[in-house]
Every structure is written in structure tokens, then in C-alpha cells.
Amino acid sequence: MLSYKVISFLAITCLIGIPRARAAACEPIRIPMCGSMPWNMTKMPNHLHHSTQANAILAIEQFEGLLGTNCSPDLLFFLCAMYAPICTIDFQHDPIKPCKSVCERAKCGCEPVMKKYNHTWPESLACEDLPVYDRGVCISPEAIVSAEGPDNPYYQEFNKCIPESMPDFPMDSHNGNCRGTNNERCKCEQIKLVEKTYLRKNYNYVIRAKVREIRSQRHDVSAVVEVKDVLKSSLVSIPRDIVTLHSNSGCLCPPLNANEEYIIMGYENEERSRLLFIEGSFAQKWKDRLGVKVKRWDQKLRKRNNMKKKRH
């Protein structure tokens, strides 16, 4: 997993130019619609399996009308990241994909427009299998630091990961609404925790914790909790103490209330020694019987993972 700093460095590498001796697999972008992107080198086949840029041009041109509606500020970036993926020295064999949140923002804004004309979001551009922020390598507008400074439309100050114009909000899969920004009410996906869901989500940590405080800084919200018990920890050592759960947006999903005790399941960023409470995380007011169930489910998950390792 790479941090935003590393991804930013890779983006800068492309902007500055890749030495010819090592750039055999990369080629200059010749897709007119992607000329404004903050990278200028790509590699075929792309994420849609087009073998040449000429084929990619014919395919991406079908979105010109949709782009003209200005349905989402993320649409062009997302399309170019798919049709003309950024090519770097370190990722020539496996081009970087756009982040799942970028896809969801583009889809959330543009699919309603498409439905007016009896079209739906293409299956080839499905968001489900794209990397999730802070758990994989991916590229998004807010992650890029341009070597050319503020003249580039995607330039961001280095520490501003989520600017006002590009909030990191996913699509609510149940009612089709986008989670809003600023003062708009947060809408979260409802996760029903059963054994099948727990095994599929493969959470890194499970804790019993009492929420002490909800903190909001710029567009990031975090929860300060007192850990009462650690039911699972796979990457980061979790003390029975006050810890912070970090999100990547202006909403905590699911919501947490101060002075309430929860069972909380989420993901870990080993590089930063952080506990993440992000899209797909789970929280429910603590019940002893749920804690017992989770321990039993986790034993099954460990056995399944051990069996997979033995096969390989």
C-alpha cells in the first residue's frame, strides 16, 4: 500500500518526464479529451482492455455529451484514469487505477442524467472493484500534487487532501442519494451484520469502545474512543486506552454518539499506525452476545485464510 505522498510523487514523476532508457512501456497521451490531465504518459492496454490509444479514443468519445452536462466535476478525471491510465516507472506492469470514491462521485452525479435518456452506468466502469482510499494504491484529484503549481487545474496544496470542491463522499447504495457536503445531512449505507457479511468484509480490527468525543477538522471527522476490549487486531497494536478512529470524509458512517459504548469494526493503516473508520466499517451499540458471535466468526475466518495459504 502506498500513501498519498508516494502517489503524489509518482504523479510528479510523470509530469516531469520519465527517462527514455526506462520508459519503453510508457507512451505519451494522444487522447484529446485527456490532454488536461496532470499526467502525460500512459500505457496500453488500459483498464478497459483497449490495445491502442486509437481504440480508446473511439470508446471515450461516447461520453462527450455526458461531459457537456457538467453532471460531475470528477467524470473527466475518472474516465481518463480508466481509458488513459497514468504510467510510471514503478507501475508499468500494473497501471494505477482511480480510487473507488472518485468513481462513486462521478456515478452519483451523472447516472441520474443518463437515466433520463434510458441509459445506466456502464458495467465496464463499475465502482465496486476499484481500490478504496487508504487501503490500496489508487489515484484521485485530491491526491495529486502537480510539479507545475497552481496553474494546473488539479493542483492542490500538499496538505489539503480533500478540498471543498472535491469532497470524498460515496454513493448511498440503498436509496441512490449522494452523501452531501458541508451542512447537508450525512447519509450512510446500512450494514446488517451477519456471519456472511463479516467474512466478506474481512475487518482488520474489532473493538469494544466508549466514544469520548467526535472531532471535526476541515472536511475530516474523527472519533476519540476509550478502548474497553480488543476482540481483533491484525496490523496495528491497539492499547486499552484512548485512541482515535480516522475517517476520510466529513461524515462518520455509521454515525457514532458521544458517551455511548459500541462494538466497532474497521480497517487499519499499518504504515501510519492508524485505526480507520471509513466506508464499509461497522458500529453497533455493545451487546455481549454480539461480541461472542464475532469471536466465533473470526475463528472461522482465520481457518479459511489458513486453508487458502496452505493451498498456495
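Helix α5 bends by about 40° at Cys110, with a proline, Pro112, following within four residues. This is a predicted model, and a search of the whole structure turns up 5 disulfides. Here is a friendly tour of the helix and of some of those links.

**Helix α5**
- The helix runs over residues 100-116, and its 17 residues reach 24 Å from first C-alpha to last, close to the 24 Å expected at 1.5 Å a residue.
- Because 12 of its 17 residues are buried, α5 is largely enclosed by the rest of the structure.
- Among the buried residues are Cys103, Cys108, Cys110 and Met114.
- The cover over the buried residues of α5 includes α3, α4, β3 and β4.
- Just after α5, Asn118 adopts a positive phi of about 60°.

- Cys103 and Cys127 are joined with their sulfur atoms 2.0 Å apart.
- This pair links distant parts of the chain, with Cys103 in helix α5 and Cys127 in the loop between α5 and β4, 24 residues apart.
- The torsion about the S-S bond is about -75°, so this disulfide is left-handed.
- Cys103 is buried at 0% relative accessibility, and Cys127 is buried at 3%.

**Cys99 and Cys138**
- A disulfide connects Cys99 to Cys138, S to S 2.0 Å.
- Cys99 sits in the loop between β3 and α5 and Cys138 in strand β4, so the pair ties together parts that are 39 residues apart in sequence.
- The link is right-handed, with 80° about the S-S bond.

**Cys26 and Cys87**
- Cys26 is joined to Cys87 by a disulfide, S to S 2.0 Å.
- Cys26 lies in the loop between α1 and β1 and Cys87 in the loop between α4 and β3, 61 residues apart.

Note on methods: Residues are numbered from 1 along each chain as its sequence is written. This is a predicted model: local features need pLDDT of at least 70, side-chain atom pairs count only at pLDDT 80 or more; totals for chains, interfaces and linings use all residues. Side-chain values use heavy atoms; hydrogens and water are left out. Helices (H or I, at least four residues) and strands (E, at least two) are DSSP runs, numbered from the N terminus. The expected span of a helix is 1.5 Å times one less than its number of residues. The bend at a residue is the angle between axes fitted to the seven residues ending there and the seven starting there. Buried means under 20% relative accessible area, exposed over 50%, partly exposed in between (1.4 Å probe, protein chains only). Contact means heavy atoms within 4.5 Å. A disulfide is a pair of cysteine sulfur atoms within 2.5 Å.
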